[in-house]
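Work through the exercises below with the sequence and the model at hand. Each task is followed by a solution in steps.

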Amino acid sequence: MSTPTVTVNGAVRAVTGVEPHVTALDWLRDQGLTGAKEGCAEGECGACSVLVARPDGVAPEGTGGTRWTALNACLVPVLALDGQEVVTSEGLGRPGALHPVQREMAVRGGSQCGYCTPGFICSMAAEYYRPDRAVTDPTTTRRIQADPSTNGHSAGHDEHGPNGFDLHALSGNLCRCTGYRPIRDAAYALGAPASDDGLAGRCTAAAPAAARTRVSVGETGFARPVDLGEAVTLLAERPDATVVAGCTDWGVEVNIRGARAPFVIAVDRLPELRTFSVDADVVEIGAALTLSEAERLLDGRVPLLDQLFPQFASRLIRNGATFGGNLGTGSPIGDAPPALLALESSVVLAGPDGEREVPLASYFTGYRKSVREPGELIRAVRIPLPLAPLTAFHKIAKRRFDDISSVAIAFALDVRGGVVARAAIGLGGVAATPLRATATEEMLVGRPWTAEIAREAAAVLREEGTPIDDHRASAAYRAAMLGQSLLKFHTESAALEATA
């Protein structure tokens, strides 16, 4: 077995004597790179953000370009970065030779106590290098140069700057000194990377291929197989293994609850789990594509998912989280299952005996349990076409972004001639598993889509599931929100129809 290595700020560093649960953040700080900090240790504050070179798209390994991607170093096991390239805030610039992002943050007062600043810098740099960030006027194709004197106040609206900077790139970064305005000003003042910018030039070459990794430390082990066959074989050999992709769930368990695993298998770079296709009757999304990648590849083809993505945690989390992971954990409060249930999706399970397709409505069997056998992996999610034309995703939480839902509801209706021809409603947070609101669906189908029928259906929807009281919401509140959500959906759809 070869020694794992990670290229950090251009220098190759060996990763030795490291157990599977050791995070990239802890390892980097042990290397003397202390810019990245631990704040929340669960992916909510972004103080640990670093840049990782990831493939730009789903081209075969070793081809295509590179996208600098911001990730939470506090969640990713450092062994999962074997053979990869990482840039920390120290690698972006230095005193006397600041990176453009660092310089704008400094001159606009974006750094106050400074604890969170390195994380902001890395997340901002990922957006700075985004290949499709708009730097031209679409009406004239004239190149836009940001005007630093405006402090970004000439932005088109609050969340996108005149330079194409998307503030959602910073949605996973928390400033404890409430310095958001100067941080936004710095983001909106950034121009395009210079022609001799090395990190921008790096994007034209392929990202590092995933390295086959096999490490044993004491009684623990870590493995990264290079194809699905090897992964299935490993699972058969180690039924006690913990399977990880983005580690946005298991990483929290490691940090907050002290979880440890005797053996870890990383599947995030398996090519068979990173497929994407759109056919006449189905959209297939590989289980190991990150949500950010899925959003880019879908490019608006599934409007319901377009509503889901901005409300799913933060961009930092979506850069690592996957549909496979969100379904594999079986959490009743995951945001993706309600939307996928409303889309009448299925999951493709791969195991020693080949593949099988299971409707998502039949996949969950109990709290964090499913029909998936111990030797199986989720290979892909399939969404049947055509899509229902009337959809909505409502997330009830205490914050607009980067929060866990108290209740999540997804609607997909096909209304023809004013009558509901098809209905699918997915629910989360109101039972031990995500579920379809079948009683409400049956009540709606074949009836007029009117305010009166919506009120009747809302009363039925309030009785779906078995909500409980906990620290996020009471059972009564959750039930009330189900009914209100349907009434809101009808009102919004009626307004949309009137506008059309």
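**Exercise 1.** Which residue of strand 7 is the bridge partner of V217?

Step 1. The bridge partner of V217 in strand 7 is T220. Strands are DSSP runs of E of at least two residues, and helices are runs of H or I of at least four, numbered from the N terminus.

Step 2. Strand 6 (residues 213-217) and strand 7 run antiparallel and are joined by 5 bridges. Two strands count as paired if DSSP finds at least two bridges between them.

Step 3. The hairpin of these strands has 2 residues between them, and G218 takes a positive phi near 65° there.

The model is predicted: local features need pLDDT of at least 70, side-chain atom pairs count only at pLDDT 80 or more, and totals for chains, interfaces and linings use all residues. Residues are numbered from 1 along each chain as its sequence is written, and side-chain values use heavy atoms, with hydrogens and water left out.

**Exercise 2.** Find the strand that pairs with strand 7 in the parallel sense, and decide why strand 7 is described as largely enclosed.

Step 1. Strand 9 (residues 263-266) pairs with strand 7 in the parallel sense over 3 bridges. Opposite G221 stands F263 of strand 9.

Step 2. In a regular strand the side chains alternate between the two faces of the sheet. From strand 7, T220, F222 and R224 point one way, while G221 and A223 point the other way.

Step 3. Because 5 of the 5 residues of strand 7 (residues 220-224) are buried, the strand is largely enclosed by the rest of the structure. Buried means under 20% relative accessible area, exposed means over 50%, and partly exposed lies in between (1.4 Å probe, protein chains only).

**Exercise 3.** Is A206 buried or partly exposed, and what is in contact with A206?

Step 1. Locate A206 in the loop between helix 6 (198-202) and strand 6.

Step 2. The relative accessible area of A206 is 23%, so A206 is partly exposed.

Step 3. Apart from neighbours within four places in sequence, A206 is in contact (heavy atoms within 4.5 Å) with G62, T63, G64, G65 and T66.

Step 4. P55 is 151 residues from A206 in sequence, yet the two C-alpha atoms are 6.8 Å apart in space.

**Exercise 4.** Give the order of the strands in the open sheet of 5 strands, and name the helix that packs on the sheet.

Step 1. The order is 10-11-16-12-13, with antiparallel pairing. Strand 10 (276-278) and strand 13 (354-359) are the edge strands, each pairing on one side only.

Step 2. From one strand to the next, the twist averages 20°. Axes are lines fitted to C-alpha atoms, for helices over the stretch in contact, and angles run from 0 to 180 degrees between N-to-C directions.

Step 3. Helix 7 (residues 228-237) packs on the sheet and touches strand 12 and strand 16; the direction of helix 7 makes about 125° with that of strand 16.

Step 4. Strand 12 (residues 346-351) and strand 16 (residues 377-384) pair over 5 bridges in the antiparallel sense. A380 in strand 16 is the bridge partner of V348.

**Exercise 5.** Where does D414 lie, and is D414 buried or exposed?

Step 1. D414 lies in strand 18 (residues 407-416).

Step 2. The relative accessibility of D414 is 9%, so D414 counts as buried.

Step 3. Neighbours within four places in sequence aside, D414 is in contact with A388, P389, V419, V420, A421 and R422.
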